[in-house]
Amino acid sequence: MTPVSKKAKALVLWNESQLWGLLAVKSLEDAGLQFEIVRSHELIEHHPEEIELLFVPGGWASNKIQSIQESGATYIRDFVRLGGSYIGICGGAGLALEAENGLGLLPVSRVPRAQRVPSFAGPVAITLTKPNHPIWRDIPMNDPPQSTGQTLETYAWWPSQFSVNEPEAVEIIAGYHKPLFGSTTSDLCIQDIEEHAIAWAALEEHYGIFLDPKRLANQPAVLAGHYGRGRVVLSMVHFDTPGDPMGRKVLQNLWRIHTGYEPVYAGRPQSSTSSKSLHRPAQILHQAARDLIRLGQRLFLWRFRSDFLLHWRRGVRGLEFCTLFVITREIADLCAEQTKWAQSVCAELEETVEWMRVFSHKSKELLTREALLMQQERINFRHCNDVRVVSLREELFSNQKSHGGLFKRLLDRLDAILFVLLRNRTNPKP
């Protein structure tokens with residue numbers, strides 16, 4: 001195990017973060033921030049006073065609490081109670097809430113699923129309810145017409161929604177204002193719906209979920225509070241979205257507030273491209289993931305909304321295929337940069353190629369059948385009348401919304417490889 005260094009007082013908890021952990025690492029590196037990535041079993045080996053800040057990226061909170069187990073949950077509570085800082089983004093925020101799968105760091109829970117707008121994604125303006133809070137230091141604000149507050153443009157990716165149980169104990173430092181150009185709800189582009197005055201109510205009845213982004217207006221998006229002597233910041237908006245200049249400034253401010261550190265460099269570590277060589281197992285894995293993405297494009301099931309996220313049609317598992325594509329791409333790039341470390345994971349990569357082959361073969365059948373079925377009936381995560389599609393979905397993903405099935409077993413293998421390669425870069429041994 002790579003020990004936590006004395007100088008790195010900020011840790012990123014990797015457990016069950018996967019795609020969102022990778023995006024967070026990229027954004028923290030771009031912001032020039034010092035940090036190390038750890039898993040919970042390594043975290044609990046260190047005295048809480050050695051650490052200033054624990055940053056928890058997105059991902060399924062239910063999977064996170066299972067992964068860190070009771071020992072990790074107890075350690076995190078003690079760490080914050082004794083004076084540490086906890087910053088949670090989206091799923092990392094969900095982990096900190098009061099719930100069966102939460103740490104209970106703040107008296108906040110989730111809005112019940114049936115009452116949420118569950119599928120909002122993309123650029124969003126948030127209202128700064130505490131514009132003088134140090135989290136917004138040196139950030140240019142917008143003063144929209146007919147508005148009572150300043151706003152900031154950032155991103156939200158399928159967030160849950162906060163329900164504050166004890167308002168006197170929680171500081172709401174930002175709330176949702178409105179969606180911006182390029183945002184979506186489910187597979188609908190918000191601008192197109194509103195430009196043509198199509199009724200959200202009719203669409204909600206058809207989809208069976210809330211879709212109207214106005215339901216998010218003024219709902220809390222960023223919270224702060226205390227747990228014991230420690231400080232907690234929870235955000236349902238993704239300040240850790242790569243390429244977000246405002247989010248980068250927020251991350252830098254969070255590090256200043258909670259560690260006292262200033263950015264130490266500009267941008268991610270760069271390696272010499274001239275020394276890169278192809279790493280065959282990693283390239284095979286990424287080619288398989290790329291083939292799945294291209295099949296989905298040919299079937300008109302999705303399109304790229306950025307180089308790291310898809311926009312997919314309701315009824316298919318777009319996030320899962322996007323996750324495989326981005327993670328295998330990063331593994332291939334890191335293997336090409338790190339010849340020594342690529343060799344250390346070569347056996348794991350070669351074994352994972354066979355897992356990917358099985359998953360890819362069955363996924364191609366599933367995607368093709370789903371695309372054809374969409375021409376005949378409305379399908380979604382829960383509703384489908386085709387027995388073969390139901391069987392493939394169960395085998396590949398399980399019948400739960402969070403990651404499961406063969407996909408989860410494949411993802412766990414890829415995630416373990418990615419963690420080793422990323423840590424070699426972000427936590428270099430002396």
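Select them to begin the tour. A salt bridge here is a side-chain nitrogen of Lys or Arg within 4 Å of a carboxyl oxygen of Asp or Glu.

Before moving on, a word about what you are viewing. This is a predicted model, in which local features need pLDDT of at least 70 and side-chain atom pairs count only at pLDDT 80 or more, while totals for chains, interfaces and linings use all residues. Residues are numbered from 1 along each chain as its sequence is written, and side-chain values use heavy atoms, with hydrogens and water left out.

**First stop: helix 11**

Color residues 346–373 to bring out helix 11. Helices (H or I, at least four residues) and strands (E, at least two) are DSSP runs, numbered from the N terminus. R369 and E365 are separated by about one helical turn because they sit 4 residues apart in this helix. R369 has a relative accessible area of 35%, so it is partly exposed. E365 is also partly exposed, at 24%. The classes are buried (under 20% relative accessible area), exposed (over 50%) and partly exposed (in between), using a 1.4 Å probe and protein chains only.

**Second stop: E194 and K214**

Now pick E194 and K214, whose side chains form a salt bridge with 3.1 Å from N to O. E194 belongs to helix 5 (residues 190–195) and K214 to the loop between helix 6 and strand 12 (220–227), so the pair ties together parts 20 residues apart in sequence. K214 is exposed at 57%, and E194 is partly exposed at 35%.

Next, select K9 and E52, a salt bridge whose closest N and O atoms are 4.0 Å apart. This pair links distant parts of the chain, 43 residues apart: K9 is in the segment before strand 1 (10–13), and E52 is in the loop between helix 2 (40–43) and strand 3 (53–56).

**Last stop: two buried residues**

Go to E204 in helix 6 (residues 200–207). Its relative accessibility is 10%, so E204 counts as buried. Beyond its neighbours within four places in sequence, E204 is in contact (heavy atoms within 4.5 Å) with I209, F210, L211, D212 and R215.

Finally, select S186, in the loop between strand 10 (184–185) and strand 11 (188–189). S186 is buried as well, at 11%. Not counting residues up to four places away in sequence, S186 touches S119, Y207, L211, H311 and R314.
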